Amino acid sequence: MAVLTFAGATGDELRIRALQEAAPTLRLQLQVFPVPDPGGLEHAISAMGRAGFQALQILPASAWDLFWKQIPDLAAQHGLPAIAQDAQFPRAAGLLAYG
C-alpha cells in the first residue's frame, strides 16, 4: 500500500508508525511517499502506479484542501483505489473517507 503524506505535516510520524506496525499483520507492503509541496502530487502518484501499488492511503494535511479534486483524478489515472480521512475526498470523487 502506498501512503501519501505532505512532508512535515503534524502527526504523520505517529500515523506512519501505526501503519508500519499493522502492515505485516495485514500482509501489506507499505511505502511512504512524502510530497514536499502540492506540485509534487503528480510525480508521487505516478511513481506509486509505476511501482505496482494496489492501494493508496492519504494521510491528513490541510495542504491537500485545495487539491482534493486533483488527488482522486490522479489516483484513478494510475489505477489506485484511494482512501483519506477527510470528508472532502469522496465529495471530490475519491473512493472513501474514514474517521
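The text below covers the ring pairs, then one of their members. The model is predicted.

**Aromatic pairs**

A pair of aromatic rings is described by the distance of the centres and the angle of the planes. The count here comes to 2 aromatic pairs. The rings of Phe6 and Trp64 have planes at 90°, over the 60 degrees that the class requires, so this pair is edge-to-face. Phe6 belongs to strand β1 (residues 2-6) and Trp64 to the loop between β3 and α3 (70-77), so the pair ties together parts 58 residues apart in sequence. Phe6 and Trp64 are both buried.

Phe33 and Phe53 also form an edge-to-face pair. Because Phe33 lies in strand β2 (residues 31-35) and Phe53 in the loop between α2 and β3, this pair ties together parts that are 20 residues apart in sequence. Phe33 is buried, as is Phe53.

| Pair | Centre to centre | Angle between planes | Class |
|---|---|---|---|
| Phe6 and Trp64 | 5.5 Å | 90° | edge-to-face |
| Phe33 and Phe53 | 5.8 Å | 90° | edge-to-face |

Phe53 has a relative accessibility of 13%, and buried means under 20%, so Phe53 counts as buried. Leaving aside residues up to four places away in sequence, Phe53 touches Met1, Ala2, Gln29, Gln31, Phe33, Met48 and Leu80. Phe33, the ring partner of Phe53, is thus listed among these contacts. His78 is 25 residues from Phe53 in sequence, with a C-alpha to C-alpha distance of 9.5 Å.

Note on methods. Residues are numbered from 1 along each chain as its sequence is written. This is a predicted model: local features need pLDDT of at least 70, side-chain atom pairs count only at pLDDT 80 or more; totals for chains, interfaces and linings use all residues. Side-chain values use heavy atoms; hydrogens and water are left out. Buried means under 20% relative accessible area, exposed over 50%, partly exposed in between (1.4 Å probe, protein chains only). Contact means heavy atoms within 4.5 Å. Rings of Phe, Tyr and Trp (its six-membered ring) pair if their centres lie within 6.5 Å; planes under 30 degrees apart count as stacked, over 60 as edge-to-face and the rest as tilted. Helices (H or I, at least four residues) and strands (E, at least two) are DSSP runs, numbered from the N terminus.
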